[in-house]
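User: I am new to this structure and would like to learn how to read it. Could we go through some features one at a time?

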Amino acid sequence: MSTRIKKVGVCGAGGTMGAGIAIVAARAGFETICYDLNPAQLEKSKRQMEGFFDKSVERGKLSVEDRDAAVARISLAAGLEDLGNCDLVIEAIFEDLAVKRELLCKLNAVCAEHTIFASNTSTLSITEIASGCGREDKVVGMHFCLPAQLMKLIEMSPGINTSTETFAQAWAFTKAAGQIPVKTQDKPGFILNALLVPFNNDIIRAVEAGVAEPADIDKAIKKGLGYKMGPCELLDLIGLDTQIRLSEAFYPITLDPRSSTPPLLRRMVAAGHLGRKSGRGFYTYGDKAMFGG
Ligand code: NAD
């Protein structure tokens with residue numbers, strides 16, 4: 001199925017995921033309009049997107065003409081109304097059910113009847129996010145991986161009320177954007193986080209118990225299991241504060257003790273060791289850039 005989607009709105013484009021999602025859409029030829037509650041953050045994010053395209057040219061992955069065309073496809077919205085004629089709006093705003101529901105209700109009031117809403121939520125239910133927005137049949141889960149501009153996988157989940165047509169259109173968009181979709185159920189954590197959140201907490205508990213140094217745990221997992229990245233390296237990339245938020249979202253739903261926050265994780269975050277974003281986590285990064293680095 002080819003996609004009917006031509007214009008894409010990204011809500012929360014000033015944030016980590018939103019900026020990456022905007023890059024994916026613009027790079028693939030979609031007109032991309034970016035919105036964020038925080039205009040200063042949105043401006044900064046636009047510069048980071050341009051910086052990413054510049055680096056892609058330097059690395060020989062994009063021609064100068066393609067970079068210029070991709071950058072020209074990105075515009076900034078002054079308000080939600082500017083997203084009114086989008087075919088698809090992807091939200092990547094804070095992971096908070098009430099905040100996401102409020103946004104979808106507001107979008108429903110300003111968007112064309114055919115506009116599909118996609119949520120990049122990591123832990124919340126698509127059915128609950130859609131509930132009460134006024135177009136529950138046109139809401140779908142579209143979970144990009146960090147960093148969205150580099151990772152191909154998208155977990156696609158229909159909510160209970162999502163129509164077959166909406167799901168098919170959203171699926172076709174991800175393929176046209178050069179991504180690799182997999183279908184999952186509307187369950188907490190979909191595939192990746194449902195497996196990864198408890199696993200990463202196991203790793204932190206292993207460090208805390210003194211099983212091995214983080215670098216040796218990473219070496220064992222990479223050389224023994226063939227993983228590309230060690231779990232401590234991955235935690236530093238995800239952000240240790242994010243791992244706490246994920247654990248806190250999962251534990252009350254699953255009551256799985258492996259999902260509960262390990263004490264070492266809390267101590268590291270209290271010490272400001274958030275991972276790459278703060279320059280220190282399980283490893284020390286100096287001033288190495290997080291975005292596209
Ligand atoms: P972030 O805090 O970096 O960015 C969120 C952005 O949303 C901010 O710029 C904020 O100003 C903006 N925002 C908040 N409320 C808004 C509103 N009502 N309207 C418009 N903009 C608003 O967060 P993030 O890490 O990019 O995560 C965003 C979403 O993506 C969350 O749902 C998260 O669960 C999901 N996600 C995160 C990751 C990750 O590893 N960080 C991976 C996959 C999915």
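**Reading the helices, the ligand and the loops**

Analyst: This is a predicted model. In it, Asn201, Ile204, Val207 and Glu208 of helix H7 are in contact with Pro263, Leu264, Leu265 and Arg267 of helix H11. By class, five nonpolar, one polar and two charged residues make up this contact of H7 with H11.

User: How is a pair of packed helices described, and what are the values for H7 and H11?

Analyst: In general, the angle between the axes and the distance between the axes describe two packed helices. Here H7 (residues 192–208) and H11 (residues 263–270) pack at an angle of about 85°, and their axes are 8 Å apart. An angle of 65 to 115 degrees counts as roughly perpendicular, so H7 and H11 are roughly perpendicular to each other.

User: Which residues come nearest to the ligand?

Analyst: Met17, Asp36, Glu95, Lys100 and Asn120 come nearest, out of 20 residues around the ligand. The shell has eight nonpolar, nine polar and three charged residues.

User: How much of the ligand's accessible area does the protein cover?

Analyst: On its own, the ligand has 830 Å² of accessible area, and the protein covers 83% of that. Helix H1 (16–27) and strand S6 (139–144) are the elements that give two or more residues to the shell around the ligand.

User: Where is serine 260, and what does it touch?

Analyst: Serine 260 lies in the loop between helix H10 (240–254) and H11. Not counting residues up to four places away in sequence, serine 260 touches Asn201, Arg205, Ser247 and Tyr251. The side chain of serine 260 also reaches the backbone oxygen of proline 257 at 2.7 Å.

User: How should I read the backbone at proline 147 and phenylalanine 190?

Analyst: As a general idea, most peptide bonds are trans, and most residues other than glycine have a negative phi. Leucine 146 and proline 147 are joined by a cis peptide bond, with omega about -10°. Proline 147 is in the loop between S6 and strand S7 (153–158). Phenylalanine 190 is not a glycine, yet has a positive phi of about 50°. Phenylalanine 190 is found in the loop between strand S8 (180–183) and H7.

Notes
Residues are numbered from 1 along each chain as its sequence is written. This is a predicted model: local features need pLDDT of at least 70, side-chain atom pairs count only at pLDDT 80 or more; totals for chains, interfaces and linings use all residues. Side-chain values use heavy atoms; hydrogens and water are left out. Axes are lines fitted to C-alpha atoms, for helices over the stretch in contact, and angles run from 0 to 180 degrees between N-to-C directions. Helices (H or I, at least four residues) and strands (E, at least two) are DSSP runs, numbered from the N terminus. Angles under 35 degrees count as roughly parallel, over 145 as roughly antiparallel, 65 to 115 as roughly perpendicular and the rest as oblique. Contact means heavy atoms within 4.5 Å. Ala, Val, Leu, Ile, Met, Phe, Trp, Tyr, Cys and Pro count as nonpolar, Asp, Glu, Lys and Arg as charged, and the others, Gly among them, as polar. A residue is near a molecule or strand if one of its heavy atoms lies within 4 Å of it. Accessible areas come from the Shrake-Rupley method with a 1.4 Å probe; for residues, only the protein chains shown count as cover. A polar contact is a pair of N or O atoms within 3.5 Å; within protein, one must be able to donate a hydrogen and the other to accept it, and residues adjacent in sequence count only if both atoms are side-chain atoms.
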